[in-house]
Amino acid sequence: MNVLGIDVGAGAVKFAVFSKDGLRSFMGEEPTARTYPAFQAQLLDICGRLEKSHGIAAVGVGVPGFISLAERVIERSPNMRFLDGMALERDLAAALALPLAVDNDANAAALGEFLSLDEPRPACFVHLTLGSGIGSGIVLSGRIFHGSDGFAAELGHLLVNSQGRPCGCGNSGCAETESSETGIVRSYQEFACAPDPLSSRDVFARWQAGDEAAREAFRRAGTFLGVLLSQIVYALNPGRISIGGGVAAAGEALLAPAREELARRVVAKAAAGTRIEAARLGNGAGMAGAAALARQQPS
Ligand SMILES: [Zn+2]
């Protein structure tokens, strides 16, 4: 059966149809609507169109935000505030005659990356998406781990620097204040004493050109990423941690200092048992994972 996987971001809604073998047969993208009623109508319109053209049998949606497990309500969506308090799954299900699953976008991406691995897959798998923040998901025995109430796997808000910067969550020193795109740009601006606005891609281009401040910025981000990895390894002992997102395109500039720091902090056997590698699916992980969630729904 064909299933539809939808990956919602603040800027764009991406969607793809997957066959029962997991092959992608169609992909589309459109700008995300700006109000809740328009957003609901947009998702229903996408579902309606693809049901007609591709005969989809179920729909999975990944959305940014904290989703409570019991009430199926989006408690808070920091980058899409119109979703705060909304029961998106219930509202869509009321208008849709197809099985539907809604989960956090980072959880969906983790499931998508997990399923892209060759078998045998690890019993415990962690995926980190380094973007403007750090999204993360944990897959245990092939299923997304939600914790007791749905708020598990917020790994970007683990403390890595007790003297660190304020974070959007209200704490300070969280991993995402150091190792996200925002963190890298901020470090570069501090090291280069340059307040100009620029992107993490610009900083990486300067790193490639041998810019010393850019090297320091990536080394700092990678080192704090290693601190985060050491906490994940000791808490979960995952067989594999994959790193995706815009910053991950910097590859070894980030991963080499992260592995070094991990090796410094964790007993050798535990570190050796965890493979740290770049994500495989890139931007497609969220759609693939949402489609896998759709497939897990009873029809
Ligand atoms: Zn935080």
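1. Let's start at the zinc ion. Its four donor atoms subtend angles of 105 to 121°, which makes the arrangement tetrahedral. The cut-off behind that word asks for all angles between 85 and 135 degrees. For comparison, the ideal angle for four tetrahedral donors is 109.5 degrees. Keep in mind as you read on that this is a predicted model.

2. Which residues hold the zinc ion? The donors are the ND1 atom of His157 and the SG atoms of Cys167, Cys169 and Cys174. Their distances to the zinc ion run from 2.1 to 2.3 Å. If you want to find these residues in the sequence, look for the spacing H-x9-C-x1-C-x4-C.

3. Now check how open the cysteines are. Cys167 has a relative accessibility of 10%, so this residue counts as buried. Cys174 is buried too, with a relative accessible area of 2%. Cys169 is at 35% relative accessibility and therefore counts as partly exposed. The cut-offs you need here are under 20% for buried and over 50% for exposed, with partly exposed in between.

4. One more cysteine deserves a look. Cys124 counts as buried because its relative accessibility is 7%. How many disulfides does the structure hold? The count is zero.

5. The structure has one cavity of 30 Å³ or more. About 40 Å³ of space lies in the largest cavity. Ile67, Arg72, Ile74, Leu88, Glu89 and Val102 form its lining. Sorted by class, this lining has four nonpolar and two charged residues, with no polar ones.

6. Finally, turn to the second largest pocket, which holds about 260 Å³ of space. It is lined by 15 residues, and the closest to its centre are Phe18, Gly22, Gly112, Leu281 and Ala288. Two or more lining residues come from each of the elements α3 (105–116) and α10 (285–295). Which element gives the most to this lining? That is α10, with five residues. By class, the lining of the second largest pocket divides into seven nonpolar, four polar and four charged residues.

Technical notes: Residues are numbered from 1 along each chain as its sequence is written. This is a predicted model: local features need pLDDT of at least 70, side-chain atom pairs count only at pLDDT 80 or more; totals for chains, interfaces and linings use all residues. Side-chain values use heavy atoms; hydrogens and water are left out. On a 1 Å grid over the protein atoms alone, a cavity is a set of points where a 1.4 Å probe fits but cannot get out, and a pocket is an open set with protein on both sides within 12 Å along at least five of seven lines; lining residues have an atom within 4 Å of a point. Grid points are joined across faces, edges and corners, and a volume is the space filled by probe spheres set on the points. Ala, Val, Leu, Ile, Met, Phe, Trp, Tyr, Cys and Pro count as nonpolar, Asp, Glu, Lys and Arg as charged, and the others, Gly among them, as polar. Donors are N, O and S atoms within 2.8 Å of the metal (3.2 Å for Na, K and Ca); water is not among the atoms, so sites may look incomplete. Four donors count as tetrahedral if all angles lie between 85 and 135 degrees; four count as square planar and six as octahedral if opposite donors are over 155 degrees apart and all others between 65 and 115; anything else is irregular. Buried means under 20% relative accessible area, exposed over 50%, partly exposed in between (1.4 Å probe, protein chains only). A disulfide is a pair of cysteine sulfur atoms within 2.5 Å. Helices (H or I, at least four residues) and strands (E, at least two) are DSSP runs, numbered from the N terminus.
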